[in-house]
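Here is a short tour of a protein chain, written for someone who likes to know which cut-offs stand behind each value. Please take a look at the model first, and then we can walk through it together.

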Amino acid sequence: MNLTDRQVLHTSRMGKLICFAISIGLQIKVLEWNRLLETQKEYVAKGVSKTLDSRHIDNLATDWVLVVNGVAVFADNDSPQDIKDSYRAIGEHAESLGLRWGGRFVNRAAFRDKHGRDFDP
């Protein structure tokens, strides 16, 4: 499969993921989908990413955040359980669509990008 075909597939899968979130009463906001190599280099220099090999550069990864009552809510260890459960529901559905969910990475620091959510075909 060539890059364009992979990008189309990723776009389709993300569309399905967004529709799923809406269907269970959740909202997500896309933070970053495409990233220039120059931007990735800046992220590495600032320490917000650890790799120049980001799938964002090829439009094959998407950073998103859950939106609750009009406010972007990021998940971390201190998040309320309902927020964690919402991220898990969306992340597990992403996996069922053939996307990768950053919440599953064993070594999250090695893959962590700006917002820690990496959904790649």
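Accessible areas here come from the Shrake-Rupley method with a 1.4 Å probe, and for residues only the protein chains shown count as cover. On that basis the accessible surface of the chain comes to about 6900 Å², of which 53% belongs to carbon and sulfur atoms.

Before going further, a word on the source. This is a predicted model, in which local features need pLDDT of at least 70 and side-chain atom pairs count only at pLDDT 80 or more, while totals for chains, interfaces and linings use all residues. Residues are numbered from 1 along each chain as its sequence is written, and side-chain values use heavy atoms, with hydrogens and water left out.

**Overall layout**

The chain has 4 helices and 3 strands; helices (H or I, at least four residues) and strands (E, at least two) are DSSP runs, numbered from the N terminus. Read from the N terminus on, the elements follow the order α-β-α-β-β-α-α. Of the 121 residues, 36% count as buried, where buried means under 20% relative accessible area, exposed means over 50%, and partly exposed lies in between (1.4 Å probe, protein chains only). Taking a contact as heavy atoms within 4.5 Å, residues 24 or more positions apart account for 60% of the contacts in the chain with a separation of 6 or more.

**The aromatic pair**

How many aromatic pairs does a search of the whole structure find? The search finds 1, formed by Trp64 and Tyr87, which are stacked at 5.2 Å centre to centre with 20 degrees between the planes. For reference, rings of Phe, Tyr and Trp (its six-membered ring) pair if their centres lie within 6.5 Å; planes under 30 degrees apart count as stacked, over 60 as edge-to-face and the rest as tilted. Trp64 belongs to strand β2 (residues 63–68) and Tyr87 to helix α3 (residues 81–96), so the pair ties together parts that are 23 residues apart in sequence. Trp64 is buried, at 0% relative accessibility, and Tyr87 is buried too, at 5%.

Tyr87 can also be placed relative to Phe74: their C-alpha atoms are separated by 9.1 Å, and the two residues are 13 apart along the chain. Phe74 sits in the loop between β3 (71–73) and α3 and is partly exposed, with 39% relative accessibility.

**Salt bridges**

Side chains of opposite charge can pair when their charged atoms come close. A salt bridge here is a side-chain nitrogen of Lys or Arg within 4 Å of a carboxyl oxygen of Asp or Glu, and the structure holds 3 of them.

| Salt bridge | N to O distance |
|---|---|
| Arg35 and Glu32 | 3.0 Å |
| Asp63 and Arg35 | 3.2 Å |
| Glu92 and Arg88 | 3.6 Å |

Which residues are linked in a network of salt bridges? They are Glu32, Arg35 and Asp63. Arg35 is buried at 1% relative accessibility, and Glu32 is buried at 11%. Asp63 is buried, as is Arg35.

Glu92 is partly exposed, at 35% relative accessibility, and Arg88 is partly exposed, at 40%.

**Surface patch and backbone**

Leu37, Val44 and Leu52 make a nonpolar surface patch of about 220 Å². Patches are made of residues with over 30% relative accessible area and no salt bridge: like charges are joined within 9 Å, and nonpolar side chains (Val, Leu, Ile, Met, Phe, Trp, Tyr) within 5 Å. Leu37 is in helix α2 and is partly exposed, at 35% relative accessibility.

Two asparagines are worth a look for their backbone angles. Asn59 is not a glycine, yet its phi is positive, near 60 degrees; Asn59 lies in the loop between α2 and β2 and is partly exposed at 24% relative accessibility. Asn69, also not a glycine, has a positive phi of about 55 degrees. Asn69 is located in the loop between β2 and β3, and at 76% relative accessibility this residue counts as exposed.
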